[in-house]
Amino acid sequence: MKTKITISILIGLLNLNSAEAKQDDFCEKFTDLAETIMVARQEGFDIIKLVHMFPDNEDLIVLAYERPRWSALENKLTEVADFKAEIYVSCVKLEKAENKK
């Protein structure tokens, strides 16, 4: 539930024009951003610097930094892939729900 609320907030904040973009394009771009943020998190990038780089996406950054940081490469890659997939699924579900309104 927390993730759905956060994702819906982020959809409104992301600097993409979702009215002009197709649903899949928007969610793919949003997911790419989520992947970039999680890679930064797994590599130990400072959260404050990341928020300064992406101020409109602070909630997504916090979601990523609430997840564990791994030392083994295999675990890092799994965490990035899992986060990316979860964000994509949430985005698609919310977009479909919004389109039904």
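## Ground rules

Buried here means under 20% relative accessible area, exposed means over 50%, and partly exposed is in between (1.4 Å probe, protein chains only). This is a predicted model, so to speak: local features need pLDDT of at least 70, side-chain atom pairs count only at pLDDT 80 or more, and totals for chains, interfaces and linings use all residues. Residues are numbered from 1 along each chain as its sequence is written, and side-chain values use heavy atoms, with hydrogens and water left out.

## The disulfide

Searching the whole structure turns up 1 disulfide (a pair of cysteine sulfur atoms within 2.5 Å). Cys 27 and Cys 91 are the partners, with an S to S distance of 2.3 Å. Cys 27 sits in helix H2 and Cys 91 in helix H5, so the bond ties together parts that are 64 residues apart in sequence. Helices are DSSP runs (H or I, at least four residues), numbered from the N terminus.

The torsion about the S-S bond is about -85°, so this disulfide is left-handed. Cys 27 is buried at 0% relative accessibility, and Cys 91 is buried with a relative accessible area of 0%.

## The nonpolar core

A nonpolar core is a set of buried Ala, Val, Leu, Ile, Met, Phe, Trp, Tyr and Cys residues joined through side-chain atoms within 4.5 Å. The largest one has 20 residues, and among those touching the most other members are Ile 37, Ala 64 and Phe 83. H2 gives the most to this core, with 8 residues.

Leaving aside neighbours within four places in sequence, Ala 64 is in contact (heavy atoms within 4.5 Å) with Ile 37, Met 38, Arg 41 and Phe 83.

Definitions and conventions
Helices (H or I, at least four residues) and strands (E, at least two) are DSSP runs, numbered from the N terminus.
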